[in-house]
Amino acid sequence: MATATVAHHDTEVHGHQDHHDHEHHDNFITKYLFTTDHKMIAKQFLVTGMFWALIGGLLSTLFRLQLGFPDMNLEVLRPILGGWIDEAGKLDPTFYLALVTMHGTIMVFFVLTAGLSGTFSNFLIPLQIGARDMASGFMNMLSYWFFFVSGVIMFISLFLKTGPAGGGWVVYPPLSALEQAIPGSGMGMTLWLISMVFFIASSLLGGINYVTTVINLRTKGMSFSRLPLTIWAFFLTAVIGILSFPVLFAAALLLVFDRSFGTSFYLADIYVAGEALPNTGGSPVLYQHLFWFLGHPEVYIVLLPALGITSEVIATNSRKPIFGYKAMVISLLGITVLSFIVWAHHMFVSGMNPFLGSIFMFLTLIIAVPSAVKVFNYLTTLWRGNLIFTPGMLFSIGLVSFFISGGLTGIFLGNSAIDIQLHDTYFVVAHFHLVMGSASFFGMMAGVYHWFPKMFGRMMDAKLGYIHFWLTFVGVYMVFFPMHYIGIAGFPRRYYSWTNFEFTNLYTDLNMFVSVAAIITFAAQFIFIFNFFYSMYRGRKASLNPWNSNTLEWTTPLHPGHGNWPGEIPTVYRWPYDYSKPGAAEDFIPQHIPLSQTPESNLPHEQELVKLELEIMKEEADLVANESKH
Amino acid sequence: MYTFLIAVGALLLLSLVWMVYRIQTLVSVVKGSDRKIASGSNKVNAILFLVFLFGSGALMFWYSIKEFDNYQMPVASEHGVITDELFWITMAVTGIVFLITHVLLFIFPYKYQYKEGRKAAFYPDNHKLELIWTAVPGVVMAGLVISGWMAWSDITAPAPEKAHVVEIMGYQFAWDVRYPGKDNVLGDYDYRLINASNSHGIDFTDKNSIDDFPSPRVVIPKGEPVLFKIRARDVLHSVFAPHMRLKMDAVPGMPTRFWFVPTKTTAEMRAELKNPEFEYEIACTEICGRGHFSMKKIIEVVEPAEYQKWLSEQKSFLQQNPSLAEGLKTEKKEIAGIN
């Protein structure tokens with residue numbers, strides 16, 4: 001295949017001209033299915049992610065029906081849900097737990113990890129650093145197909161007679177280990193574990209590739225200090241994933257042993273279903289430590305790419321450099337490091353040593369500082385800008401809002417004394433749905449709207465984008481903001497109904513409101529689905545650089561082939577945020593424009609670099625001349 | 001029939017949306033607005049941010065004030081007063097940040113919306129400003145953490161010697177309560193001893209277990225320290241007594257604990273809330289299976305004198321069910337008062 005030769009990013013590779021001829025030999029299978037082109041793999045991740053987002057969203061509307069309208073007769077759903085609707089037309093409580101579990105698993109792993117990182121790391125890393133493809137196209141292909149298999153297995157588990165896993169997305173043992181305790185812990189849980197093993201493999205294959213590519217395949221002049229913030233974010237996300245996913249694998253493996261081979265890593269002193277089990281000496285808290293060692297970094301795996309995308313989109317559409325590039329990179333690094341040492345804040349009341357709780361409280365609240373810096377920098381980037389509200393820009397501003405709202409409630413939950421009351425209530429649900437769920441989802445949407453022209457060579461319809469944004473933005477707040485009140489009132493999570501307790505026997509109106517808002521918000525996503533697929537074929541033809549952006553991907557042809565640039569890869573001479581530079585004629589100067597061509601806008605220290613730059617360019621020219629002589 | 005009508009309605013609605021969409025696309029092509037950098041929609045979006053700011057802000061203040069008594073749960077424990085105070089201090093601090101950042105976030109889009117011919121400010125960094133807004137959150141966080149840490153240390157400190165011990169055991173899907181009796185020491189247990197008549201797995205050969213007694217409710221005295229000894233029999237559960245601001249997981253194989261001082265009797269709380277039916281409740285907050293939402297136990301807080309009276313009236317496990325004592329030596333049966 002042509003890919004082998006073009007994978008070298010080295011600008012002096014001979015004969016790029018012929019490599020384009022090879023493109024046409026791709027058949028359907030090598031072009032759309034088992035492709036090694038990072039752009040196509042990105043689209044595969046995106047479309048699969050969208051599919052899962054719809055499934056995950058649909059599951060949430062089902063359990064919101066139960067929570068908002070507990071007396072509703074759901075007989076109409078019997079054709080789909082079968083026996084999970086009981087004779088009285090009510091949702092089965094066990095199935096309710098399965099819905100909650102699957103919603104969480106699907107959204108966290110399949111949509112916001114694979115759908116977000118998988119799509120944009122794959123699509124943007126080679127295009128923005130100036131590489132022909134990922135370091136290993138084959139591993140990249142495997143990464144997608146492992147994810148696909150993982151999805152197929154999880155999908156099958158939805159249709160089991162005993163139901164899919166139902167112990168919450170965290171699948172804490174002993175509940176997840178004992179079939180006697182909940183039917184979903186039988187075959188459903190087995191499939192969950194197998195699916196996750198494939199997913200972890202996929203994630204690692206992808207992550208290793210992203211890291212390698214960013215370190216090794218940057219084009220000439222693309223130093224780390226000139227990387228777009230998107231790439232910084234994807235790079236650090238991949239690092240987090242590589243370090244944390246293996247720990248989830250360990251946790252899952254021990255759980256498999258406990259479930260199938262009679263070990264007692266997590267099980268001790270259990271009497272269930274009229275029988276005392278032989279297991280002694282294990283600790284369920286051990287599982288929680290292992291799980292959250294992945295689980296917390298996972299939050300940042302989900303969030304960092306969204307923040308990276310937002311940085312890029314906000315700078316471009318504010319026509320301003322991102323404020324405090326260095327501070328943004330340092331805060332990303334800070335979040336990366338800190339994300340590994342805060343996991344036990346999920347476990348303040350798990351029975352672990354309270355002293356450990358104190359330590360983790362200190363570490364957790366430190367992470368608020370880099371997050372705050374990011375917010376202030378976004379705000380300052382907007383300040384005195386010349387803002388163009390593309391749909392991507394709207395979603396980015398929405399992300400910042402969610403990041404603030406959900407981030408601030410983290411300060412409550414990170415404080416172990418306050419967490420005693422709020423732990424596992426709807427306050428937590430509101431917190432993480434805003435800061436990680438919705439913020440990351442908005443980052444993903446911003447990315448799709450912004451890079452759609454590069455993906456498909458056409459524009460998405462902006463008006464539909466606006467409608468989609470406003471419905472979703474208002475909708476998300478209408479769903480999750482009321483949950484703070486419900487949470488402060490003490491409503492516990494994962495409850496099938498509220499009528500058993502006096503302290504939760506109120507707010508039926510608010511729960512109904514939330515459910516209606518959730519269903520409307522879910523329905524609004526079909527506007528996006530329509531816009532996406534319609535524009536793919538019928539959208540207005542995009543120009544080469546529709547947003548007047550600085551980064552390298554906009555220097556490729558409208559439909560870049562495998563290898564991205566038909567000729568040489570452009571060299572990079574400046575950082576990616578030269579927007580509205582004083583003295584420049586246009587309000588943007590792309591990264592590949594040499595400083596020597598823009599004497600009118602160079603800052604004093606850049607003017608000094610011009611001489612050096614000219615020398616290097618001369619050397620280059622000599623080299624190329626020599627090459628062609630041979 | 002209904003399904004048919006709904007389907008027709010949906011179809012009509014969809015075609016209407018479709019037509020509107022096509023018309024607006026054509027209009028924008030004719031007007032050439034799709035070629036402009038920023039079309040008229042830019043202004044609309046800018047205004048909508050303002051509308052959202054004021055609309056949702058007003059809604060938030062209105063609802064937060066109107067519903068205050070509903071979501072602010074009355075507190076009935078000593079440490080709960082402290083954690084509530086911390087909660088509201090944090091609310092004030094974060095509330096201010098929330099308002100300021102959101103006002104800026106939504107006013108900037110209006111104020112700095114695209115204008116042809118204007119150039120954005122080239123303002124890539126300002127170290128002084130960045131240092132300030134790194135240091136200020138740092139200091140504020142430090143304050144919050146230290147106050148939280150002090151409260152946490154007090155709450156999780158070992159219980160006072162004289163604390164009244166109550167054992168709460170979670171199982172699918174209820175709580176069982178055991179009192180240590182006169183000696184205030186709970187007897188040993190072993191999960192392998194659990195059977196239909198000994199749901200706690202109490203080891204009755206341990207002399208401390210002889211005066212242990214069960215109770216359908218958690219009865220505790222007001223104003224005196226109470227120690228919950230918490231365990232689980234099958235899967236994880238979590239004891240949540242919302243009015244006591246108390247939560248602790250129940251873990252199979254690893255007993256946990258939480259001590260507190262209740263400050264209001266059930267009767268006093270009933271009077272305060274003008275609700276004669278009020279009860280303190282315990283709920284489960286760790287997903288545990290089908291009946292997770294129904295694991296209820298009532299806590300009854302009474303005056304200390306009443307508590308002592310109630311204690312003296314209770315019958316031990318062995319008195320209630322002498323068959324449990326089978327195989328025990330006679331002397332022990334005598335101590336237990338069942339011969």
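What share of the 339 residues in chain B is buried? In this predicted model, buried residues make up 35% of that chain.

Let me begin with the overall form. The secondary structure of chain B comprises nine helices and ten strands. The radius of gyration of chain B is 31 Å, whereas the globule rule gives 20 Å for 339 residues; the value is well over that figure, so chain B is more spread out than a compact globule. Along the principal axes, the C-alpha atoms of chain B fill a box of roughly 100 × 65 × 40 Å. If we take the contacts in chain B between residues at least 6 apart in sequence, 67% of them join residues at least 24 apart.

I turn now to the sheet. Five strands of chain B form an open sheet in the order β4-β10-β9-β6-β7, and the pairing is mixed. Its edge strands are β4, residues 218–221, and β7, residues 246–250, each of which pairs on one side only. From one strand to the next, the twist averages 25°. Helix α7 of chain B, residues 304–313, packs on this sheet and touches β4 and β10 of chain B. The direction of α7(B) makes about 135° with that of β4(B).

Strand β6(B), residues 237–241, runs antiparallel to β7(B) and is joined to it by five bridges. Within this pair, B:Phe240 has B:Lys247 as its bridge partner, and B:Ala241 has B:Leu246. Four residues lie between the two strands of this hairpin, and there B:Arg245 takes a positive phi near 55°.

Strand β5(B), residues 226–232, pairs with β8(B) in the antiparallel sense over five bridges. Opposite B:Val226 in this pair stands B:Phe260 of β8(B). Strand β8(B), residues 256–260, is mostly covered, with four of its five residues buried.

Next, the contact between the chains. Chain B contributes 89 residues and chain A contributes 99 residues. On the side of chain B that touches chain A, the elements giving two or more residues include the helices α1, α2 and α4 and the strands β6, β7 and β9 of chain B. Which element gives the most? That is α5(B), with 15 residues. By residue class, this side of chain B divides into 45 nonpolar, 26 polar and 18 charged.

Finally, helix α13 of chain A, residues 368–382. At 1.5 Å a residue, its 15 residues should span 21 Å; the end C-alpha atoms are 22 Å apart, which agrees. Of those 15 residues, 14 are buried, so α13(A) is largely enclosed by the rest of the structure. Just after α13(A), A:Arg384 takes a positive phi of about 55°.

Methods: Residues numbered from 1 in each chain as written. Chains lettered and ligands numbered in written order. Predicted model: local features only at pLDDT ≥ 70, side-chain atom pairs only at ≥ 80, totals over all residues. Pairing = 2+ DSSP bridges. Axes fitted to C-alpha atoms, helices over the stretch in contact; angles between N-to-C directions. Contact = placed C-beta atoms within 7 Å. Nonpolar A, V, L, I, M, F, W, Y, C, P; charged D, E, K, R; others polar. Buried ≥ 20, exposed ≤ 12 C-beta atoms within 10 Å, placed from the backbone. Expected span 1.5 Å × (residues − 1). Rg over C-alpha atoms; globule rule 2.2 N^0.38 Å.
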